[in-house]
Amino acid sequence: MPLPQEFHDIARRVNNWGRWGPDDELGTLNLITPDVVRAAAATVRSGRRVPLALPLRHDGVQTGLIPGRVNPLHTMVAINHEPFGPGTVATSDDTVTMGLQAATHWDGLAHVSHSGRLYNGRPADTVTAHRGATAVGIEKAAPIVSRGVLLDVARARGADRLPPGHAVTPEDLSAAEELAGARVRSGDVVLVRTGHLRHYLAGDREAYAFPSPGLSLHAPEWFHARGVAAVANDTLTFEVFPPEVEGLWLPVHALHLVEMGMLQGQNWNLEELSRACAQECRYAFLLSAPAEPFVGATGAPVAPVAVL
């Protein structure tokens, strides 16, 4: 179905095209200024490090729901090989084949287009078969080191996990912000916990894949108003799935990546972080989450770490 007027109205309100110049390829990562990074470093108190990435494994989160997005296939290409002759130092090497968005990852700005356009009005056909994304590729993303804020929506609603199909609204985000006791501010990276990853961690990949809670069509306006630099969550599809509006597929992807120029992350493991934040009674921390700089890629794996 054509994109409805409601989508176009929201798109107009959150659009950042031209905000940082006609040639900009960073989008909202421009909001992570040196002052933001210095303030983020000041949040470190205990030095507790919490990993947020899922292990890269052949039986990962992908079930075939997204064609071609394969779990990591790990192969040894050398095992205790002595390249300089018998009795010399031996080496082992390996290789991997995987979808760049198969596990914990960032969606880059070239991942989604609508109406023939990418972020900042670039033509969608700048993504090509042989060179990939010739503009706004994931390698153009600035190193993502900023203040992270966990918005634990599940905990704020008194639940271990949100039910499938729950659309995380601006009201949900505000309630989680109140629980956090830390107002989201310009340049922050927001992590939205639904608890849905618990299905995968318990061994049920199908329940994790579909149906799923996720962000509402109206959440982008909340992030835009706060000046958020990037958003990640603990689901496969990021936004609520199936969609709120029948036939309107991936509208949040289009609003974030195309209209706002804002990276979004999926399959982040926020369970240990949820416990750590509750124990330390604070939900803001230093977050390090640079994307792997695959040239021309529309997304990339990431191994984020929260430092409390």
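Helices (H or I, at least four residues) and strands (E, at least two) are DSSP runs, numbered from the N terminus. The model is predicted: local features need pLDDT of at least 70 and side-chain atom pairs count only at pLDDT 80 or more, while totals for chains, interfaces and linings use all residues. Residues are numbered from 1 along each chain as its sequence is written, and side-chain values use heavy atoms, leaving out hydrogens and water.

View 1. Helix H9 covers residues 271–280. Its buried residues (under 20% relative accessible area; exposed is over 50%, partly exposed in between; 1.4 Å probe, protein chains only) are Glu271, Leu273, Ser274, Ala276 and Cys277. Cys281 follows H9 and has a positive phi, near 55 degrees.

**View 2. The sheet of 9 strands.** The strands form an open sheet with mixed pairing, in the order S1-S15-S13-S7-S9-S11-S12-S4-S14. Strand S1 (49–51) and strand S14 (299–301) are the edge strands; each has a single partner strand, so one side of each lacks a neighbour in the sheet. Two strands count as paired if DSSP finds at least two bridges between them. On average, neighbouring strands of this sheet are turned by 25 degrees against each other, direction ignored. Strand S13 (residues 284–288) pairs with strand S15 (residues 305–307) in the antiparallel sense, over 3 bridges. Ser288 has Val305 in S15 as its bridge partner.

**View 3. Strand S11 and its two partner strands.** Strand S11 spans residues 230–233 and is covered on both faces. Ala230 and Ala232 are buried on one side of S11, and Val231 and Asn233 are buried on the other. Strand S9 (residues 189–193) pairs with S11 in the parallel sense, over 4 bridges. In this pair, Val190 stands opposite Val231 of S11. S11 also runs parallel to strand S12 (residues 263–266), to which 3 bridges join it. Ala230 has Leu263 in S12 as its bridge partner.

View 4. Val192 is a residue of strand S9. The residue is buried, with a relative accessible area of 0%. Val192 touches residues (contact means heavy atoms within 4.5 Å) that include Val231, Ala232 and Asn233, not counting residues up to four places away in sequence. Leu151, Val153, Val168, Leu173, Leu215, Phe223, Asp234 and Leu270 are also touched by Val192. Val192 and Val231 lie 39 residues apart in sequence, and their C-alpha atoms are 7.4 Å apart in space.

**View 5. Helix H8 and what covers it.** Helix H8 has 10 of its 10 residues buried, so it is largely enclosed by the rest of the structure. These buried residues are Pro251, Val252, His253, Ala254, Leu255, His256, Leu257, Val258, Glu259 and Met260. The cover over them includes H1, strand S4 (105–107), strand S10 (214–215), H7 and S12.

View 6. Axes are lines fitted to C-alpha atoms, for helices over the stretch in contact, with angles from 0 to 180 degrees between N-to-C directions. Helix H1 (residues 5–14) packs against helix H7 (residues 219–226) at an angle of about 10 degrees, and the two axes are 10 Å apart. That makes H1 roughly parallel to H7; angles under 35 degrees count as roughly parallel, over 145 as roughly antiparallel, 65 to 115 as roughly perpendicular and the rest as oblique. Ile10, Arg13 and Val14 of H1 meet Pro220, Glu221 and His224 of H7. The axes of H7 and helix H4 (residues 170–180) come within 8 Å and cross at roughly 50 degrees. H4 and H7 are therefore oblique to each other. H4 contributes Pro170, Leu173, Ser174 and Glu177 to this contact, and H7 contributes Ala219, Trp222, Phe223 and Arg226.

**View 7. Helix H2 across two strands.** Helix H2 (residues 34–41) lies across strand S7 (145–152) and S13. H2 runs at about 60 degrees to S7.

**View 8. Pro72 in a loop.** Pro72 sits in the loop between S1 and strand S2 (73–81). This proline is buried, with a relative accessible area of 6%. Apart from its neighbours within four places in sequence, Pro72 is in contact with Leu56, Arg57, His58, Val96, Thr97 and Met98. Asn30 is 42 residues from Pro72 along the chain, and their C-alpha atoms are separated by 32 Å.
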